[in-house]
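Let's take a friendly walk through a protein model, one piece at a time. Have a look at the structure below, and then we will begin with a strand.

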Amino acid sequence: LALARKPKRRAMDQKRKQVDVTPAILVTGGSGFVGQHLVKDLAKTGRTVVSMYHHRLPEPIQNVFPVCSDMGSAELLAAPLRGVDTVVHLAWGGGLIGPSEELTWDPLTSKRLSKNLILTRNLIAAMEKAGTQRIIFMSALGANRNARVPFLIEKYLAEFFILNSNIPDKVILRSSMVWGGEGSTDKFLRSITRLMRMPVFYPVPKANGTVAPIAINDLVATIAKLLTCQEANNNSVIADISGSESYRLEELFKLVNDHYLKGVRWPVRGVIGNSLVPLFERNGSDDPRMPRLRHFLALAGKPAAETGKENPLTGVLPTKFTTFKEMMTKTPEPQPQRANR
């Protein structure tokens with residue numbers, strides 16, 4: 001009987017070894033808006049996920065190993081990177097508002113670096129030392145060294161550091177504004193409902209072009225697909241992504257008003273509407289670090305038609321996403337901000 005069990009035990013031991021050597025995925029910023037959705041989605045696939053947090057640990061999730069670290073040095077990242085072949089870099093302090101702390105001068109770029117950029121460089125150094133094969137960096141549409149928005153300049157400089165690193169596979173995913181999830185966590189929707197506090201009218205700010213928000217579920221599915229694609233092997237790729245349907249800003253406001261808010265409200269456009277926006281956004285109970293609508297509109301553009309024609313990921317990235325109209329009916333109603341008395 002003991003002899004009969006040996007082959008089974010050997011088979012089980014081999015299976016365990018195969019599971020143990022499967023490379024893990026490290027996600028920085030696991031407690032963020034995108035990070036929470038991505039970690040839960042990856043956990044369902046059975047792949048081992050090392051999720052990095054800074055302020056607090058999440059609820060236990062199967063196949064997810066939480067790590068509390070601030071990426072303050074490359075040495076702190078040595079342990080989390082052990083057995084990891086891919087890093088999804090989402091951690092970004094300050095969000096769309098951009099850096100608020102004093103910047104550190106960097107002789108390589110002749111610019112002053114924010115904390116986000118210093119932590120990104122620490123991550124790159126740790127990945128190079130550990131021999132980690134791939135990094136997927138969450139950037140933003142409009143990332144440019146001459147951008148007027150500090151957030152987009154930060155993202156551009158992070159792209160610069162990553163693309164010039166010795167990491168073999170580098171994927172930069174430039175996303176438009178992200179929408180979806182639970183109403184209480186959807187900052188984009190909250191930035192709109194903040195302007196709809198009055199029962200009769202709401203101001204519509206001036207905006208050039210159209211808005212192409214991407215649903216969080218579609219963004220997460222795209223990142224998950226990038227984790228398994230082979231087109232980025234030994235390559236440096238920049239991929240732009242946005243929603244498949246564009247809206248004028250007044251159309252988007254009307255959709256939110258018709259689907260979520262009670263009563264009839266009339267839009268106020270032009271100079272008057274634009275001047276009323278800052279007044280409606282003021283609220284003493286608001287978090288000063290909560291992004292306003294103007295921060296989201298900096299990412300409102302849709303990728304140019306010629307973008308990505310020679311991109312190796314053109315055939316990998318999805319071409320059809322859930323539209324804003326479709327996703328809105330599935331999202332719980334957000335609570336609009338009330339005016340102070």
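A residue is called buried when its relative accessible area is under 20%. Keep that cut-off in mind as you explore this predicted model.

Start with strand β12, which covers residues 236-241.

Strand β8, made of residues 169-175, runs parallel to β12, and six bridges join the two. To find one of these links, look for Ser 175, whose bridge partner in β12 is Ile 241.

Now move to a loop. Between β10 (201-203) and β11 (214-215) you will find Pro 205. Pro 205 counts as buried because its relative accessibility is 11%, and the cut-off is under 20%. Among the residues that Pro 205 touches are Leu 195, Leu 249, Phe 253 and Leu 293.

Follow the contact from Pro 205 to Phe 253. Phe 253 also touches Ile 192, Met 196 and Tyr 202, among others. The largest nonpolar core has 56 residues, and Phe 253 is one of those that touch the most other members, a group including Phe 188, Ile 192 and Leu 252. A second, separate core holds 31 residues, including Leu 38, Leu 90, Leu 173 and Ala 224. In soluble globular proteins, nonpolar side chains tend to be buried together.

Conventions:
Residues are numbered from 1 along each chain as its sequence is written. This is a predicted model: local features need pLDDT of at least 70, side-chain atom pairs count only at pLDDT 80 or more; totals for chains, interfaces and linings use all residues. Side-chain values use heavy atoms; hydrogens and water are left out. Buried means under 20% relative accessible area, exposed over 50%, partly exposed in between (1.4 Å probe, protein chains only). Helices (H or I, at least four residues) and strands (E, at least two) are DSSP runs, numbered from the N terminus. Two strands pair if DSSP finds at least two bridges between them. Contact means heavy atoms within 4.5 Å. A nonpolar core is a set of buried Ala, Val, Leu, Ile, Met, Phe, Trp, Tyr and Cys residues joined through side-chain atoms within 4.5 Å. Lists of a residue's contacts leave out its neighbours within four places in sequence.
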